[in-house]
Amino acid sequence: MSDKTTPKFPFKGTKEQEQQLKELIAKHKDKVGELMPVLQGAQDIYGYMPEEVQRMVAEGMGVSLSEVFGIVTFYSQFSLTPKGKYKIKVCMGTACYVVGAGDILDRFARELKIKDGECTEDMQFSLDGVRCIGACGLAPVITINEDVHGRINEGMVPEILSQYT
């Protein structure tokens, strides 16, 4: 998994988080089919699934790292990169896409100087193009944490971002 480069965000797990993960693993270790709940719990504890956390889960659950990595990269609920304080999700569902969601995602990426799926270096913003948010009547729509912004266009991006800085 490692590509011999320094990660953009070095792992900064705490002893408290590690203890929480160990307790979670101990609770599920000897039960069949419990890898997914442990991975979901690990994501909740750390906020994302860096290689170090995947290794702890694999070792603790007695499975291979490749099995853990396969699950984490298959399901969209898991993230290999940290998320920012403000999680921007741009709906890329059909209703949003046909009215400019791609341009909106591109504008957020330019303004924040990150790509889809990344986090700003100051950990303030993360950006993700996502499947349908379920607010098609507000297309194009984005969410920032729990806030919903509908009927937006790419020109509104700087103003929206200014509400969170």
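This report describes backbone features and one surface patch.

## Basis of the model

The structure is a predicted model, in which local features need pLDDT of at least 70 and side-chain atom pairs count only at pLDDT 80 or more, while totals for chains, interfaces and linings use all residues. Residues are numbered from 1 along each chain as its sequence is written, and side-chain values use heavy atoms, with hydrogens and water left out.

## A cis peptide bond

The peptide bond that runs from Ala139 to Pro140 is cis, with omega near -10°. Pro140 belongs to the loop between β2 (125-130) and β3 (141-144), where helices (H or I, at least four residues) and strands (E, at least two) are DSSP runs numbered from the N terminus.

## Positive phi values

Lys113, a residue other than glycine, has a positive phi near 60°, and Lys113 is placed in the loop between α6 (101-112) and β2. With a relative accessible area of 72%, Lys113 is exposed (exposed is over 50%, buried under 20% and partly exposed in between, with a 1.4 Å probe and protein chains only).

Asn145, also a residue other than glycine, has a positive phi near 55°; Asn145 lies in the loop between β3 and β4 (147-150) and is partly exposed, its relative accessible area being 32%.

## A nonpolar surface patch

Tyr97, Val98 and Val99 make a nonpolar surface patch of about 320 Å², and Tyr97 is located in helix α5 (residues 94-97). Patches are made of residues with over 30% relative accessible area and no salt bridge, like charges being joined within 9 Å and nonpolar side chains (Val, Leu, Ile, Met, Phe, Trp, Tyr) within 5 Å. A salt bridge is a side-chain nitrogen of Lys or Arg within 4 Å of a carboxyl oxygen of Asp or Glu, and accessible areas come from the Shrake-Rupley method with a 1.4 Å probe, where for residues only the protein chains shown count as cover.
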